[in-house]
Amino acid sequence: MLSNIALYGAIETGLIYGLVAFGIYLSFRVLDFPDLTVDGSFPLGAAVAAVLIIEGWNPWLATGCAVMAGMAAGAVTALLNVKLNILNLLASILTMIALYSVNLRIMGRPNVALLTEETVLTPWYDLDLAYHQVPVLLFVIVVFVALILLWRFMKSETGLAMRATGANARMARAQGIATGAMIVLGVAVSNGLVGLAGALFAQSQGAADVTMGVGVIVIGLASLIGGEAVVTPSTVVRALIACVVGAIIYRLAIAFALNADFLGLQAQDLNLITAVLVTLAIVLPGVRSSIAGKLSRSKA
Amino acid sequence: MISATDLRLTFGKGTPLENPALRGMSLTVNQGEFVTVIGSNGAGKSTFLNALAGEVLVDSGQIIVDNLDVTKLPTHKRAGRVARVFQDPLAGTCEGLSIEENLALAIKRGQRRGLTSAVKKQYMEKFRDSLSSLNLGLEKRLGDKMGLLSGGQRQAVSLLMASLTPSSILLLDEHTAALDPKTAAFVLELTTKIIEEQKLTALMVTHSMKQALEVGSRTVMLHQGQVVFDIAGKDREGLEVKDLLGLFEKQRGLEVDDDSLLLG
């Protein structure tokens, strides 16, 4: 079974990946824009926050800058697509590759340690809580605020215009919506959220590393798809809750798989487990409905 | 008033598939006129409508909508003046959004969109009133997803959406062609009712010559990217499909003569 520390650790990372899943929901689901920039904007957020914290900035201000950096990266991807007509997937790969160099430049070396620095978490350790519970409390608050803000945005005039852009661009244009501007805004906000996730991840793990972005897109997608399988995303708020639920379930599943001795899995099997879980998350809802279909047919 | 002057547009210029869709197309539509547009396949009807809407930009010529030159403006910058209903009933609405959200999108057509809530309480009465005029019971289903509605219902809602805010011209692109005959008749009736009640200026493309003569105040026929005839008022009264076919064949015959003259 999971130890308390492993359990809280899984929830903590799950909450951070919940923010990534929000971003991926915005690009993949709302805008129908397959965006791989996140593999670069996640370490970008981490790098910007880490370097600024070491420079002595207020950690919240540093985190804010990480969000802005993520948004800028997203805007570059969207502009490559909208202005230069580069296929969206390819545009995002180009930005992702470019960000690898940018992240190395920002940090000046492959990784930056934050172990002795003051982070957004530092003041919270004064609370009368166990060491491993503190990040969970703070990240629950951050994720909750992000969820409420995103939900309100999606219900606003601009948010509705963004949803229409992804669902039916021709109709959106006919309603006077500047679809190009909506794509830029949406992909920017999406990567801003991922930048935030990266900044928080670096601060809770105590380091920023240039390779920490590898596979973030897959984990985010796993969270999104898994969450949608558990919480039917019939409304915006349910879709957002699905992102968080999916991310936490994913991290718990990974933690259980690695802790179950009889399976004989080890830490290096993480990516294999991820790929298997994503495949299951994509296939299972279809299997479930086809079984349901067969059952109802046999009844009739 | 809408005026299109000498519009020219060639698709796939410089390729073996070069296709001149508009070849000097000119048409002026006055305030309050309801023009029906007919023509065979490839006559340039849809291209003309797309050019007016901004979905395609013309190679040359000029389009003026209520004293504003819109020739070079993209679709979304014309949308405040140009309302549109598509042929495909699924194209005019968003199936993933609710009926009220679709209407809320349309009520801001061509206007700035901010960060205030999109579906506002003060819209509800207007939404319910206009939906109840359809007699489809949709006023009780404002929160339902658009995708739950039938094609005919969605086309009726598209029509409402296009007329929710004032426009200089309403473009109808064979908007009954994809519906079954009964539903098509219902949507057409609704169209004429809305256009008459709100005194809209409208341009309706149709494949049916009968429909083109039954509704509207003026009929225009396109052929090979140009207007071949334009009838209104007394000339149009009492005209039947066979008269229209006669006119059409006469025009086509003349075209052939022209060609043979040129080639000979």
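**Two chains, question by question**

Me: Of the 300 residues of chain A, what percentage count as buried?
Reply: Bear in mind that this is a predicted model. A residue counts as buried once 20 or more other C-beta atoms lie within 10 Å of its own. Going through the 300 residues of chain A with that cut-off, the share that count as buried is 51%.

Me: Why is chain A said to be as compact as a globular protein of its length?
Reply: Chain A has eleven helices and two strands, and from the N terminus on the elements run α-α-α-α-β-α-α-α-α-β-α-α-α. For 300 residues the globule rule gives 19 Å, so chain A counts as that compact because its radius of gyration is close to this value, at 20 Å.

Me: And what does the C-alpha trace of chain A span along its principal axes?
Reply: Start with the contacts inside chain A: among those between residues at least 6 apart in sequence, 77% join residues at least 24 apart. As for the C-alpha trace of chain A, along its principal axes the span is about 65 × 50 × 35 Å.

Me: Over to chain B. What radius of gyration does chain B have?
Reply: Chain B has nine helices and ten strands. The globule rule gives 18 Å for 264 residues, and chain B comes close to that, so it is as compact as a globular protein of that length. The radius of gyration of chain B is 20 Å.

Me: Of the 264 residues of chain B, what percentage count as buried?
Reply: The C-alpha trace of chain B spans about 70 × 40 × 35 Å along its principal axes. Among contacts in chain B between residues at least 6 apart in sequence, 70% join residues at least 24 apart. Of its 264 residues, the share that count as buried is 41%.

Me: Which feature does UniProt place at residues 2-249 of chain B?
Reply: Over residues 2-249, chain B is 32% helix and 24% strand, with the end C-alpha atoms 29 Å apart. The UniProt entry is unreviewed, and the feature it places there is "domain: ABC transporter".

Me: In strand 4 of chain B, which residue is the bridge partner of B:T5?
Reply: Strand 1 (residues 2-11) of chain B runs antiparallel to strand 2 (residues 19-29), joined by eight bridges, and in strand 2 B:N19 is the bridge partner of B:F11. Strand 1 of chain B is also joined to strand 4 (residues 60-65), again antiparallel, by five bridges. In strand 4 of chain B, the partner of B:T5 is B:Q62.

Me: Do strand 3 and strand 9 of chain B run parallel or antiparallel?
Reply: Strand 3 covers residues 34-38 of chain B and strand 9 covers residues 218-223, with four bridges joining them. One pairing to look for is B:I38 with B:M221 in strand 9. The two strands run parallel.

Me: Which residue takes a positive phi in the hairpin of strand 9 and strand 10 of chain B?
Reply: Strand 9 of chain B pairs with strand 10 (residues 226-232) over six bridges, in the antiparallel sense. B:H223 stands opposite B:Q226 in strand 10. The hairpin has two residues between the strands, and the one with a positive phi, near 50 degrees, is B:Q224.

Me: How many of the nine residues of helix 1 of chain B are buried?
Reply: Helix 1 of chain B covers residues 45-53, and it is followed by B:G54, whose phi is positive, near 100 degrees. The buried residues of helix 1 include B:F48, B:L49 and B:L52. Helix 1 is largely enclosed by the rest of the structure, because the buried count is eight.

Me: Which helix supplies the largest share of the side of chain A that touches chain B?
Reply: In all, 18 residues of chain A are in contact with 26 residues of chain B. Helix 6 (157-167) and helix 7 (169-174) of chain A each supply at least two residues of that side of chain A. By class, the side of chain A that touches chain B has eight nonpolar, five polar and five charged residues. The largest share, seven residues, comes from helix 6 of chain A.

Conventions:
Residues numbered from 1 in each chain as written. Chains lettered and ligands numbered in written order. Predicted model: local features only at pLDDT ≥ 70, side-chain atom pairs only at ≥ 80, totals over all residues. Rg over C-alpha atoms; globule rule 2.2 N^0.38 Å. Buried ≥ 20, exposed ≤ 12 C-beta atoms within 10 Å, placed from the backbone. Contact = placed C-beta atoms within 7 Å. Pairing = 2+ DSSP bridges. Nonpolar A, V, L, I, M, F, W, Y, C, P; charged D, E, K, R; others polar. UniProt positions renumbered as here; feature names shortened; annotations may be inferred.
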